[in-house]
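Please keep the sequence and the 3D view open while reading.

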Amino acid sequence: MSDFDYDLFVIGAGSGGVRAARTAATNGARVAVAENRYLGGTCVNVGCVPKKLYSYAAHFHEAFEDAGGFGWHLPEAPRFEWSTLRDNKVGEIKRLNDIYGRLLDTAGVRLINGRARVLDPHHVSVNDETISAEKILVAVGGWPWVPDFPGKELTVNSNQVFDLETFPERFLVLGGGYIAVEFASIFNGLGSDTHLVYRGELFLRGFDQQVREFTRDEMAKKGVRLHFEANIASIEKVEGGLRVNLTNGEQLEVDAVLAATGRRPHLEDLGLDHLDIALTDSGHLSVNERFETSVPSILALGDVSGGPELTPVALAEAMQMVRYHFEDTETSPLDYRNIPTAVFCHPNIGTVGLSEEQARASCGEIRVYAAEFRPMKHTLSGSSERCLMKLIVDDQSDVVVGAHMVGEEAGEVIQGIAVAVRAGLTKADFDATVGIHPTGAEEFVTMRTPSRR
Ligand SMILES: Cc1cc2nc3c(=O)[nH]c(=O)nc-3n(C[C@H](O)[C@H](O)[C@H](O)COP(=O)(O)OP(=O)(O)OC[C@H]3O[C@@H](n4cnc5c(N)ncnc54)[C@H](O)[C@@H]3O)c2cc1C
(Lines give C-alpha, C1' and ligand atoms only; values in the text may rest on other atoms or scores of the structure.)
Protein backbone atom coordinates (compact mmCIF):
# COMPACT_ATOMS: atom_id res chain seq x y z
CA MET A 1 0.00 0.00 0.00
CA SER A 2 1.33 3.46 -0.88
CA ASP A 3 1.97 6.23 1.65
CA PHE A 4 -0.68 8.40 0.06
CA ASP A 5 -4.10 8.90 1.69
CA TYR A 6 -5.71 7.48 -1.46
CA ASP A 7 -4.68 5.58 -4.57
CA LEU A 8 -7.03 7.70 -6.66
CA PHE A 9 -8.58 11.09 -5.99
CA VAL A 10 -11.31 12.00 -8.46
CA ILE A 11 -12.35 15.61 -9.01
CA GLY A 12 -15.93 15.67 -10.30
CA ALA A 13 -18.70 13.13 -9.75
CA GLY A 14 -20.12 13.31 -13.26
CA SER A 15 -20.44 10.54 -15.85
CA GLY A 16 -16.69 9.86 -16.10
CA GLY A 17 -15.74 10.58 -12.49
CA VAL A 18 -18.34 8.33 -10.88
CA ARG A 19 -17.64 5.45 -13.25
CA ALA A 20 -13.86 5.77 -12.70
CA ALA A 21 -14.23 5.99 -8.90
CA ARG A 22 -16.56 2.99 -8.66
CA THR A 23 -14.61 0.80 -11.05
CA ALA A 24 -11.23 1.57 -9.47
CA ALA A 25 -12.64 0.95 -5.97
CA THR A 26 -14.14 -2.36 -7.11
CA ASN A 27 -10.61 -3.30 -8.22
CA GLY A 28 -9.34 -2.69 -4.69
CA ALA A 29 -8.12 0.90 -5.00
CA ARG A 30 -8.67 3.36 -2.15
CA VAL A 31 -10.70 6.11 -3.78
CA ALA A 32 -12.16 9.49 -2.82
CA VAL A 33 -14.20 11.81 -5.05
CA ALA A 34 -14.98 15.50 -4.64
CA GLU A 35 -18.12 17.05 -6.12
CA ASN A 36 -19.14 20.65 -5.57
CA ARG A 37 -22.46 20.80 -7.38
CA TYR A 38 -24.52 17.75 -8.19
CA LEU A 39 -24.00 13.99 -8.22
CA GLY A 40 -24.13 12.56 -11.73
CA GLY A 41 -22.73 15.72 -13.33
CA THR A 42 -23.99 17.42 -16.47
CA CYS A 43 -25.74 14.41 -18.01
CA VAL A 44 -27.98 13.66 -15.06
CA ASN A 45 -28.66 17.20 -13.88
CA VAL A 46 -28.58 19.58 -16.84
CA GLY A 47 -27.91 17.41 -19.90
CA CYS A 48 -29.04 14.13 -21.41
CA VAL A 49 -31.61 13.15 -18.78
CA PRO A 50 -33.70 16.32 -18.33
CA LYS A 51 -33.37 17.03 -22.05
CA LYS A 52 -34.80 13.63 -23.01
CA LEU A 53 -37.63 14.04 -20.48
CA TYR A 54 -38.48 17.43 -22.00
CA SER A 55 -38.23 15.96 -25.49
CA TYR A 56 -40.80 13.30 -24.50
CA ALA A 57 -43.02 16.10 -23.21
CA ALA A 58 -42.69 17.97 -26.49
CA HIS A 59 -43.59 14.89 -28.58
CA PHE A 60 -47.03 14.72 -26.93
CA HIS A 61 -48.04 17.81 -28.85
CA GLU A 62 -47.86 15.91 -32.15
CA ALA A 63 -49.23 12.73 -30.63
CA PHE A 64 -52.44 14.58 -29.70
CA GLU A 65 -52.71 15.95 -33.22
CA ASP A 66 -51.93 12.59 -34.84
CA ALA A 67 -54.51 10.75 -32.74
CA GLY A 68 -57.54 12.19 -34.56
CA GLY A 69 -56.90 10.20 -37.74
CA PHE A 70 -56.95 6.99 -35.68
CA GLY A 71 -60.35 7.81 -34.23
CA TRP A 72 -59.34 9.39 -30.95
CA HIS A 73 -61.06 12.64 -30.06
CA LEU A 74 -59.95 14.61 -27.05
CA PRO A 75 -62.77 16.15 -25.01
CA GLU A 76 -60.99 19.51 -24.98
CA ALA A 77 -57.84 21.02 -26.41
CA PRO A 78 -54.80 19.73 -24.46
CA ARG A 79 -53.19 22.30 -22.17
CA PHE A 80 -49.51 22.24 -21.28
CA GLU A 81 -48.39 23.11 -17.74
CA TRP A 82 -44.69 23.96 -17.53
CA SER A 83 -44.52 23.82 -13.73
CA THR A 84 -45.68 20.18 -13.69
CA LEU A 85 -43.00 19.09 -16.14
CA ARG A 86 -40.31 21.13 -14.40
CA ASP A 87 -41.18 19.96 -10.89
CA ASN A 88 -41.56 16.29 -11.89
CA LYS A 89 -38.17 16.53 -13.57
CA VAL A 90 -36.67 17.91 -10.34
CA GLY A 91 -38.08 14.93 -8.43
CA GLU A 92 -36.70 12.41 -10.90
CA ILE A 93 -33.25 13.98 -10.83
CA LYS A 94 -33.23 13.97 -7.05
CA ARG A 95 -33.94 10.22 -7.25
CA LEU A 96 -30.99 9.74 -9.64
CA ASN A 97 -28.68 11.87 -7.45
CA ASP A 98 -29.47 9.58 -4.52
CA ILE A 99 -28.75 6.48 -6.62
CA TYR A 100 -25.35 7.89 -7.60
CA GLY A 101 -24.59 8.56 -3.93
CA ARG A 102 -25.51 5.00 -3.00
CA LEU A 103 -23.42 3.53 -5.84
CA LEU A 104 -20.33 5.35 -4.58
CA ASP A 105 -21.06 4.40 -1.00
CA THR A 106 -21.57 0.72 -1.85
CA ALA A 107 -18.28 0.66 -3.75
CA GLY A 108 -16.50 2.05 -0.67
CA VAL A 109 -15.68 5.41 -2.25
CA ARG A 110 -15.44 8.43 0.07
CA LEU A 111 -17.56 11.27 -1.29
CA ILE A 112 -16.60 14.80 -0.28
CA ASN A 113 -19.04 17.61 -0.98
CA GLY A 114 -16.85 20.51 -1.97
CA ARG A 115 -14.78 22.20 -4.62
CA ALA A 116 -11.37 20.59 -5.13
CA ARG A 117 -8.17 22.38 -6.13
CA VAL A 118 -4.99 20.69 -7.23
CA LEU A 119 -2.03 21.80 -5.07
CA ASP A 120 0.74 19.73 -6.64
CA PRO A 121 1.05 16.43 -8.59
CA HIS A 122 -0.07 14.43 -5.54
CA HIS A 123 -2.11 16.80 -3.35
CA VAL A 124 -5.54 18.38 -3.53
CA SER A 125 -7.41 20.63 -1.15
CA VAL A 126 -11.15 20.42 -0.49
CA ASN A 127 -13.00 22.32 2.25
CA ASP A 128 -9.69 23.24 3.97
CA GLU A 129 -8.59 19.58 4.03
CA THR A 130 -5.38 18.65 2.22
CA ILE A 131 -5.45 15.13 0.78
CA SER A 132 -2.68 13.16 -0.86
CA ALA A 133 -3.22 10.67 -3.66
CA GLU A 134 -0.99 8.60 -5.89
CA LYS A 135 -3.12 9.61 -8.86
CA ILE A 136 -5.48 12.53 -9.31
CA LEU A 137 -8.21 12.24 -11.93
CA VAL A 138 -9.58 15.49 -13.33
CA ALA A 139 -13.11 14.75 -14.55
CA VAL A 140 -14.60 18.22 -14.20
CA GLY A 141 -16.47 18.32 -17.52
CA GLY A 142 -17.35 21.51 -19.35
CA TRP A 143 -19.32 24.70 -18.80
CA PRO A 144 -21.53 26.72 -21.19
CA TRP A 145 -19.76 29.52 -23.03
CA VAL A 146 -21.49 32.59 -24.47
CA PRO A 147 -19.83 35.14 -26.79
CA ASP A 148 -19.88 38.81 -25.85
CA PHE A 149 -22.64 41.08 -27.15
CA PRO A 150 -24.67 43.86 -25.53
CA GLY A 151 -27.40 42.24 -23.46
CA LYS A 152 -25.61 38.89 -23.11
CA GLU A 153 -26.60 38.92 -19.42
CA LEU A 154 -30.26 38.69 -20.46
CA THR A 155 -29.71 35.22 -21.97
CA VAL A 156 -29.97 31.89 -20.18
CA ASN A 157 -27.66 28.95 -20.78
CA SER A 158 -28.44 25.24 -21.03
CA ASN A 159 -27.89 24.82 -17.26
CA GLN A 160 -30.63 27.34 -16.52
CA VAL A 161 -33.19 26.71 -19.24
CA PHE A 162 -34.72 23.63 -17.61
CA ASP A 163 -35.79 25.61 -14.55
CA LEU A 164 -37.23 28.79 -16.03
CA GLU A 165 -39.74 30.32 -13.62
CA THR A 166 -42.36 30.84 -16.32
CA PHE A 167 -42.90 29.15 -19.65
CA PRO A 168 -41.61 31.29 -22.55
CA GLU A 169 -44.45 31.67 -25.05
CA ARG A 170 -41.86 33.20 -27.42
CA PHE A 171 -38.45 31.56 -27.38
CA LEU A 172 -35.19 32.11 -29.22
CA VAL A 173 -32.20 29.79 -29.39
CA LEU A 174 -28.82 31.09 -30.48
CA GLY A 175 -26.49 28.40 -31.86
CA GLY A 176 -26.21 25.68 -34.46
CA GLY A 177 -24.89 22.68 -32.56
CA TYR A 178 -26.90 19.69 -31.47
CA ILE A 179 -27.91 21.26 -28.15
CA ALA A 180 -29.32 24.34 -29.90
CA VAL A 181 -31.25 22.25 -32.40
CA GLU A 182 -32.67 20.02 -29.66
CA PHE A 183 -33.89 22.89 -27.50
CA ALA A 184 -35.47 24.61 -30.51
CA SER A 185 -37.46 21.42 -31.18
CA ILE A 186 -38.34 20.97 -27.51
CA PHE A 187 -39.73 24.47 -26.94
CA ASN A 188 -41.47 24.44 -30.32
CA GLY A 189 -43.11 21.15 -29.38
CA LEU A 190 -44.11 22.46 -25.96
CA GLY A 191 -45.91 25.31 -27.68
CA SER A 192 -43.48 28.26 -27.79
CA ASP A 193 -43.26 30.38 -30.89
CA THR A 194 -39.63 29.37 -31.52
CA HIS A 195 -36.76 30.98 -33.43
CA LEU A 196 -33.32 29.51 -34.04
CA VAL A 197 -30.57 31.95 -34.97
CA TYR A 198 -27.28 30.63 -36.30
CA ARG A 199 -24.39 32.47 -37.91
CA GLY A 200 -23.56 29.66 -40.39
CA GLU A 201 -25.45 28.75 -43.53
CA LEU A 202 -26.84 25.54 -41.99
CA PHE A 203 -26.85 24.01 -38.51
CA LEU A 204 -25.27 20.69 -37.33
CA ARG A 205 -21.85 21.20 -38.90
CA GLY A 206 -20.01 17.88 -39.23
CA PHE A 207 -23.18 15.83 -39.76
CA ASP A 208 -24.07 14.35 -43.16
CA GLN A 209 -25.16 17.19 -45.48
CA GLN A 210 -28.35 15.42 -46.62
CA VAL A 211 -29.24 14.78 -42.98
CA ARG A 212 -28.71 18.47 -42.17
CA GLU A 213 -30.85 19.67 -45.06
CA PHE A 214 -33.59 17.11 -44.40
CA THR A 215 -33.67 18.09 -40.70
CA ARG A 216 -33.83 21.79 -41.61
CA ASP A 217 -36.86 21.18 -43.80
CA GLU A 218 -38.65 18.97 -41.25
CA MET A 219 -38.04 21.42 -38.40
CA ALA A 220 -39.24 24.32 -40.53
CA LYS A 221 -42.41 22.34 -41.41
CA LYS A 222 -43.05 21.89 -37.70
CA GLY A 223 -42.92 25.63 -37.22
CA VAL A 224 -39.40 26.41 -35.95
CA ARG A 225 -38.39 29.72 -37.51
CA LEU A 226 -34.84 29.36 -38.78
CA HIS A 227 -32.57 32.39 -39.21
CA PHE A 228 -29.28 31.27 -40.78
CA GLU A 229 -26.32 33.54 -41.55
CA ALA A 230 -27.46 35.83 -38.74
CA ASN A 231 -26.22 36.52 -35.25
CA ILE A 232 -27.42 38.44 -32.23
CA ALA A 233 -26.17 42.04 -32.35
CA SER A 234 -27.79 43.03 -29.04
CA ILE A 235 -30.62 42.25 -26.67
CA GLU A 236 -32.59 44.80 -24.70
CA LYS A 237 -35.38 44.58 -22.17
CA VAL A 238 -38.69 45.96 -23.39
CA GLU A 239 -42.18 46.01 -21.95
CA GLY A 240 -43.29 42.37 -21.64
CA GLY A 241 -40.14 40.69 -22.93
CA LEU A 242 -36.83 41.01 -24.73
CA ARG A 243 -36.06 42.67 -28.04
CA VAL A 244 -33.38 40.81 -29.97
CA ASN A 245 -31.61 42.76 -32.70
CA LEU A 246 -30.06 40.49 -35.30
CA THR A 247 -27.02 41.37 -37.40
CA ASN A 248 -29.17 41.11 -40.55
CA GLY A 249 -31.36 43.97 -39.31
CA GLU A 250 -34.27 41.82 -38.15
CA GLN A 251 -35.84 42.52 -34.74
CA LEU A 252 -37.55 39.75 -32.79
CA GLU A 253 -39.49 40.06 -29.55
CA VAL A 254 -39.32 37.03 -27.30
CA ASP A 255 -39.68 36.02 -23.66
CA ALA A 256 -36.43 34.07 -23.29
CA VAL A 257 -33.16 33.66 -25.19
CA LEU A 258 -31.14 30.48 -24.81
CA ALA A 259 -27.48 30.89 -25.72
CA ALA A 260 -26.42 27.40 -26.83
CA THR A 261 -23.13 28.63 -28.19
CA GLY A 262 -20.74 25.96 -27.02
CA ARG A 263 -19.05 24.58 -23.95
CA ARG A 264 -15.53 25.06 -22.62
CA PRO A 265 -13.48 22.86 -20.27
CA HIS A 266 -14.30 23.67 -16.64
CA LEU A 267 -10.73 24.46 -15.60
CA GLU A 268 -11.20 27.76 -13.81
CA ASP A 269 -9.55 27.97 -10.40
CA LEU A 270 -8.64 24.29 -10.45
CA GLY A 271 -4.99 24.98 -9.68
CA LEU A 272 -3.66 23.33 -12.82
CA ASP A 273 -2.20 26.55 -14.24
CA HIS A 274 0.42 26.49 -11.47
CA LEU A 275 1.57 23.11 -12.75
CA ASP A 276 2.02 24.33 -16.31
CA ILE A 277 -0.02 21.40 -17.56
CA ALA A 278 -0.27 21.01 -21.36
CA LEU A 279 -3.48 22.03 -23.12
CA THR A 280 -4.68 21.24 -26.64
CA ASP A 281 -5.32 24.03 -29.17
CA SER A 282 -8.97 24.01 -28.12
CA GLY A 283 -8.03 24.54 -24.44
CA HIS A 284 -8.78 20.97 -23.31
CA LEU A 285 -6.38 18.98 -21.13
CA SER A 286 -4.01 17.13 -23.41
CA VAL A 287 -3.82 13.41 -22.55
CA ASN A 288 -2.14 10.31 -23.94
CA GLU A 289 -3.96 7.00 -24.55
CA ARG A 290 -3.51 6.16 -20.83
CA PHE A 291 -5.34 9.41 -19.96
CA GLU A 292 -2.18 10.88 -18.42
CA THR A 293 -1.67 14.62 -18.74
CA SER A 294 1.80 16.16 -19.13
CA VAL A 295 2.06 15.61 -15.34
CA PRO A 296 1.81 11.78 -15.34
CA SER A 297 0.19 11.42 -11.89
CA ILE A 298 -2.62 13.73 -13.02
CA LEU A 299 -5.12 12.00 -15.28
CA ALA A 300 -8.04 13.48 -17.20
CA LEU A 301 -11.00 12.15 -19.15
CA GLY A 302 -14.49 13.01 -20.33
CA ASP A 303 -15.45 16.44 -21.67
CA VAL A 304 -12.42 18.14 -20.11
CA SER A 305 -10.03 16.20 -22.32
CA GLY A 306 -11.84 17.02 -25.53
CA GLY A 307 -12.86 13.68 -27.06
CA PRO A 308 -16.39 13.36 -28.43
CA GLU A 309 -18.37 15.09 -25.65
CA LEU A 310 -20.85 12.32 -24.92
CA THR A 311 -21.69 10.42 -21.76
CA PRO A 312 -20.98 6.93 -23.16
CA VAL A 313 -17.54 8.19 -24.25
CA ALA A 314 -16.78 9.47 -20.73
CA LEU A 315 -17.91 6.11 -19.32
CA ALA A 316 -15.79 4.11 -21.78
CA GLU A 317 -12.76 6.30 -21.05
CA ALA A 318 -13.24 5.84 -17.30
CA MET A 319 -13.27 2.04 -17.61
CA GLN A 320 -10.30 2.14 -19.94
CA MET A 321 -8.38 4.38 -17.52
CA VAL A 322 -9.01 1.87 -14.73
CA ARG A 323 -7.78 -1.00 -16.95
CA TYR A 324 -4.53 0.88 -17.58
CA HIS A 325 -3.88 2.08 -14.03
CA PHE A 326 -5.64 -0.29 -11.62
CA GLU A 327 -5.80 -3.67 -13.38
CA ASP A 328 -3.01 -5.94 -14.46
CA THR A 329 -4.59 -6.78 -17.80
CA GLU A 330 -3.14 -5.91 -21.20
CA THR A 331 -5.39 -3.57 -23.10
CA SER A 332 -5.36 -1.83 -26.46
CA PRO A 333 -6.25 1.87 -26.82
CA LEU A 334 -9.88 2.92 -26.92
CA ASP A 335 -11.29 2.94 -30.44
CA TYR A 336 -12.98 6.29 -31.13
CA ARG A 337 -14.20 5.30 -34.59
CA ASN A 338 -17.85 4.56 -35.29
CA ILE A 339 -19.26 6.12 -32.13
CA PRO A 340 -23.00 6.30 -32.72
CA THR A 341 -24.89 9.38 -31.63
CA ALA A 342 -28.39 10.81 -31.64
CA VAL A 343 -29.77 14.32 -31.82
CA PHE A 344 -33.12 14.60 -30.10
CA CYS A 345 -34.51 17.25 -32.38
CA HIS A 346 -37.93 16.51 -33.86
CA PRO A 347 -37.79 14.27 -35.81
CA ASN A 348 -34.76 12.62 -34.16
CA ILE A 349 -31.44 12.04 -35.89
CA GLY A 350 -29.41 8.86 -35.40
CA THR A 351 -26.02 8.44 -36.97
CA VAL A 352 -22.96 6.19 -36.96
CA GLY A 353 -19.79 6.14 -39.04
CA LEU A 354 -18.89 8.39 -41.95
CA SER A 355 -21.04 11.04 -43.55
CA GLU A 356 -21.34 10.91 -47.35
CA GLU A 357 -18.85 13.80 -47.58
CA GLN A 358 -16.31 12.12 -45.27
CA ALA A 359 -16.65 8.82 -47.12
CA ARG A 360 -16.09 10.50 -50.49
CA ALA A 361 -12.92 12.06 -49.12
CA SER A 362 -11.54 8.94 -47.44
CA CYS A 363 -12.84 5.89 -49.36
CA GLY A 364 -12.67 6.95 -52.98
CA GLU A 365 -15.53 5.18 -54.77
CA ILE A 366 -18.69 4.88 -52.68
CA ARG A 367 -22.29 3.86 -53.14
CA VAL A 368 -25.04 5.82 -51.41
CA TYR A 369 -28.39 4.18 -50.66
CA ALA A 370 -30.95 6.72 -49.49
CA ALA A 371 -34.69 6.51 -48.97
CA GLU A 372 -37.01 9.37 -48.05
CA PHE A 373 -40.56 8.29 -47.31
CA ARG A 374 -43.74 8.97 -45.39
CA PRO A 375 -43.84 6.62 -42.38
CA MET A 376 -46.86 4.30 -42.30
CA LYS A 377 -48.17 5.96 -39.14
CA HIS A 378 -48.65 9.22 -41.00
CA THR A 379 -50.87 7.70 -43.69
CA LEU A 380 -53.69 8.03 -41.12
CA SER A 381 -52.35 10.72 -38.78
CA GLY A 382 -52.34 13.33 -41.52
CA SER A 383 -48.90 14.54 -40.43
CA SER A 384 -46.57 15.53 -43.25
CA GLU A 385 -43.49 14.31 -41.34
CA ARG A 386 -41.12 12.30 -43.50
CA CYS A 387 -38.28 9.92 -42.71
CA LEU A 388 -34.77 9.67 -44.17
CA MET A 389 -32.61 6.54 -44.09
CA LYS A 390 -29.21 6.36 -45.63
CA LEU A 391 -26.36 3.87 -45.96
CA ILE A 392 -22.89 4.75 -47.23
CA VAL A 393 -20.95 1.83 -48.70
CA ASP A 394 -17.28 1.61 -49.64
CA ASP A 395 -17.61 0.41 -53.23
CA GLN A 396 -14.48 -1.71 -53.35
CA SER A 397 -14.84 -3.63 -50.07
CA ASP A 398 -18.69 -3.45 -49.91
CA VAL A 399 -18.32 -2.47 -46.21
CA VAL A 400 -21.06 -0.21 -44.80
CA VAL A 401 -19.06 2.76 -43.51
CA GLY A 402 -21.95 5.00 -42.45
CA ALA A 403 -25.62 4.80 -41.51
CA HIS A 404 -27.87 7.78 -40.92
CA MET A 405 -31.51 8.25 -40.08
CA VAL A 406 -33.86 11.16 -39.47
CA GLY A 407 -37.18 9.96 -38.13
CA GLU A 408 -39.06 8.70 -35.12
CA GLU A 409 -36.81 6.94 -32.57
CA ALA A 410 -33.78 7.24 -34.88
CA GLY A 411 -31.43 6.79 -31.91
CA GLU A 412 -33.09 3.49 -30.98
CA VAL A 413 -32.75 2.19 -34.55
CA ILE A 414 -29.17 3.36 -35.11
CA GLN A 415 -27.95 1.83 -31.84
CA GLY A 416 -28.58 -1.62 -33.38
CA ILE A 417 -27.17 -0.69 -36.78
CA ALA A 418 -24.04 0.64 -35.01
CA VAL A 419 -23.11 -2.90 -33.98
CA ALA A 420 -23.09 -3.95 -37.63
CA VAL A 421 -21.12 -0.90 -38.75
CA ARG A 422 -18.56 -1.34 -35.99
CA ALA A 423 -18.24 -5.02 -36.88
CA GLY A 424 -17.38 -3.98 -40.45
CA LEU A 425 -20.31 -5.81 -42.06
CA THR A 426 -20.87 -5.48 -45.78
CA LYS A 427 -23.87 -4.31 -47.76
CA ALA A 428 -24.30 -7.97 -48.75
CA ASP A 429 -24.70 -8.80 -45.01
CA PHE A 430 -27.34 -6.09 -44.69
CA ASP A 431 -29.12 -7.45 -47.81
CA ALA A 432 -29.03 -11.00 -46.42
CA THR A 433 -30.71 -9.87 -43.19
CA VAL A 434 -34.46 -10.47 -43.16
CA GLY A 435 -36.46 -7.34 -42.35
CA ILE A 436 -39.00 -6.86 -39.58
CA HIS A 437 -42.31 -5.96 -41.15
CA PRO A 438 -43.99 -3.55 -40.94
CA THR A 439 -41.37 -1.19 -39.53
CA GLY A 440 -39.51 1.80 -40.86
CA ALA A 441 -36.22 0.20 -39.87
CA GLU A 442 -36.65 -2.62 -42.41
CA GLU A 443 -35.66 -0.05 -45.02
CA PHE A 444 -32.06 -0.48 -43.80
CA VAL A 445 -32.06 -4.07 -45.12
CA THR A 446 -34.20 -3.58 -48.22
CA MET A 447 -32.54 -0.68 -50.06
CA ARG A 448 -31.17 -2.38 -53.18
CA THR A 449 -30.51 0.31 -55.79
CA PRO A 450 -27.86 2.94 -55.13
CA SER A 451 -29.24 6.49 -55.22
CA ARG A 452 -25.86 7.74 -56.40
CA ARG A 453 -22.20 6.83 -56.51
C1 LIG B 1 -27.80 20.17 -22.68
C2 LIG B 1 -26.91 18.96 -22.84
C3 LIG B 1 -27.41 17.82 -23.39
C4 LIG B 1 -26.62 16.69 -23.54
N5 LIG B 1 -27.15 15.58 -24.10
C6 LIG B 1 -26.41 14.47 -24.25
C7 LIG B 1 -26.97 13.30 -24.80
O8 LIG B 1 -28.14 13.26 -25.19
N9 LIG B 1 -26.19 12.20 -24.91
C10 LIG B 1 -24.88 12.20 -24.50
O11 LIG B 1 -24.22 11.17 -24.60
N12 LIG B 1 -24.32 13.31 -23.98
C13 LIG B 1 -25.05 14.44 -23.84
N14 LIG B 1 -24.50 15.57 -23.29
C15 LIG B 1 -23.06 15.55 -22.94
C16 LIG B 1 -22.81 14.86 -21.60
O17 LIG B 1 -23.61 15.44 -20.61
C18 LIG B 1 -21.34 15.00 -21.25
O19 LIG B 1 -20.56 14.49 -22.32
C20 LIG B 1 -20.97 14.23 -19.99
O21 LIG B 1 -21.73 14.66 -18.90
C22 LIG B 1 -19.48 14.40 -19.69
O23 LIG B 1 -19.15 13.76 -18.49
P24 LIG B 1 -17.90 14.24 -17.65
O25 LIG B 1 -17.72 13.23 -16.57
O26 LIG B 1 -16.77 14.57 -18.51
O27 LIG B 1 -18.34 15.64 -16.99
P28 LIG B 1 -19.65 16.08 -16.21
O29 LIG B 1 -20.75 15.12 -16.32
O30 LIG B 1 -19.91 17.48 -16.65
O31 LIG B 1 -19.20 16.08 -14.68
C32 LIG B 1 -18.26 16.98 -14.17
C33 LIG B 1 -18.55 17.15 -12.68
O34 LIG B 1 -17.43 17.81 -12.07
C35 LIG B 1 -17.91 18.70 -11.10
N36 LIG B 1 -16.82 19.66 -10.84
C37 LIG B 1 -16.32 20.57 -11.69
N38 LIG B 1 -15.28 21.21 -11.11
C39 LIG B 1 -15.15 20.69 -9.86
C40 LIG B 1 -14.26 20.95 -8.79
N41 LIG B 1 -13.26 21.84 -8.88
N42 LIG B 1 -14.42 20.25 -7.62
C43 LIG B 1 -15.42 19.33 -7.51
N44 LIG B 1 -16.27 19.05 -8.50
C45 LIG B 1 -16.14 19.71 -9.67
C46 LIG B 1 -19.14 19.31 -11.75
O47 LIG B 1 -20.01 19.88 -10.80
C48 LIG B 1 -19.75 18.07 -12.41
O49 LIG B 1 -20.66 17.41 -11.57
C50 LIG B 1 -25.27 16.71 -23.12
C51 LIG B 1 -24.74 17.88 -22.54
C52 LIG B 1 -25.54 19.00 -22.41
C53 LIG B 1 -24.96 20.25 -21.80
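## Domains

The chain is divided into domain 1 (6-143 + 264-326), domain 2 (152-261) and domain 3 (341-445). These bounds come from an automatic or database domain assignment. The model is a predicted one: local features need pLDDT of at least 70 and side-chain atom pairs count only at pLDDT 80 or more, while totals for chains, interfaces and linings use all residues. Residues are numbered from 1 along each chain as its sequence is written, and side-chain values use heavy atoms, with hydrogens and water left out.

## Where domain 1 meets domain 2

The centres of domain 1 and domain 2, taken over C-alpha atoms, are 26 Å apart. Domain 1 gives 18 residues to the contact and domain 2 gives 19 residues; contact means heavy atoms within 4.5 Å. The size of an interface is often given as the accessible area lost when the parts come together. Here domain 1 and domain 2 bury about 1,500 Å² between them, and 61% of this area is on carbon and sulfur atoms. Buried area is the accessible area (1.4 Å probe) that two parts lose on being put together, summed over both. On the side of domain 1, the residues that lose the most area to domain 2 are Val46, Lys51 and Trp82, which together make up 38% of what that side buries.

Charged and polar pairs also occur here. Three salt bridges are found across the interface of domain 1 and domain 2; a salt bridge is a side-chain nitrogen of Lys or Arg within 4 Å of a carboxyl oxygen of Asp or Glu. Between these two domains, eight residue pairs are in polar contact, both residues being at pLDDT 80 or more. A polar contact is a pair of N or O atoms within 3.5 Å; within protein, one must be able to donate a hydrogen and the other to accept it, and residues adjacent in sequence count only if both atoms are side-chain atoms.

Which elements give two or more residues to the side of domain 1 that touches domain 2? They are helix 3 (48-67) and helix 4 (82-106). Helices (H or I, at least four residues) and strands (E, at least two) are DSSP runs, numbered from the N terminus. Helix 3 supplies eight residues, the largest share of that side.

Strand 4 (residues 116-120) and strand 5 (residues 123-126) run antiparallel and are joined by four bridges. Two strands pair if DSSP finds at least two bridges between them. The hairpin from strand 4 to strand 5 passes through two residues, and Arg117 stands opposite Ser125 in strand 5.

Strand 5 also pairs with strand 6 (residues 129-138), in the antiparallel sense and over four bridges. Val124 has Ile131 in strand 6 as its bridge partner. Two residues lie between the strands in this hairpin, where Asn127 takes a positive phi near 45°.

## Salt bridges

The structure holds 29 salt bridges. One of them pairs Arg110 with Glu129, at 3.0 Å from N to O. Arg110 is in strand 3 (residues 110-113) and Glu129 is in strand 6, so the definition of strands as DSSP runs places this pair in distant parts of the chain, 19 residues apart. Another salt bridge joins Asp163 and Lys89, whose closest N and O atoms are 2.9 Å apart.

## Another hairpin

Strand 11 (residues 232-238) and strand 12 (residues 241-246) run antiparallel, with six bridges between them. Ser234 has Asn245 in strand 12 as its bridge partner. In this hairpin, with two residues between the strands, Gly240 takes a positive phi near 80°.

## Backbone details

Where are the cis peptide bonds? His346 and Pro347 are joined by one, with omega about -5°. Pro347 lies in the loop between strand 17 (341-343) and strand 18 (349-353). A cis peptide bond also joins His437 and Pro438, with omega about -5°, and Pro438 is in the segment after helix 11 (427-432).

Phe291, a residue other than glycine, has a positive phi near 65°. Its place is the loop between strand 15 (263-265) and strand 16 (298-300).
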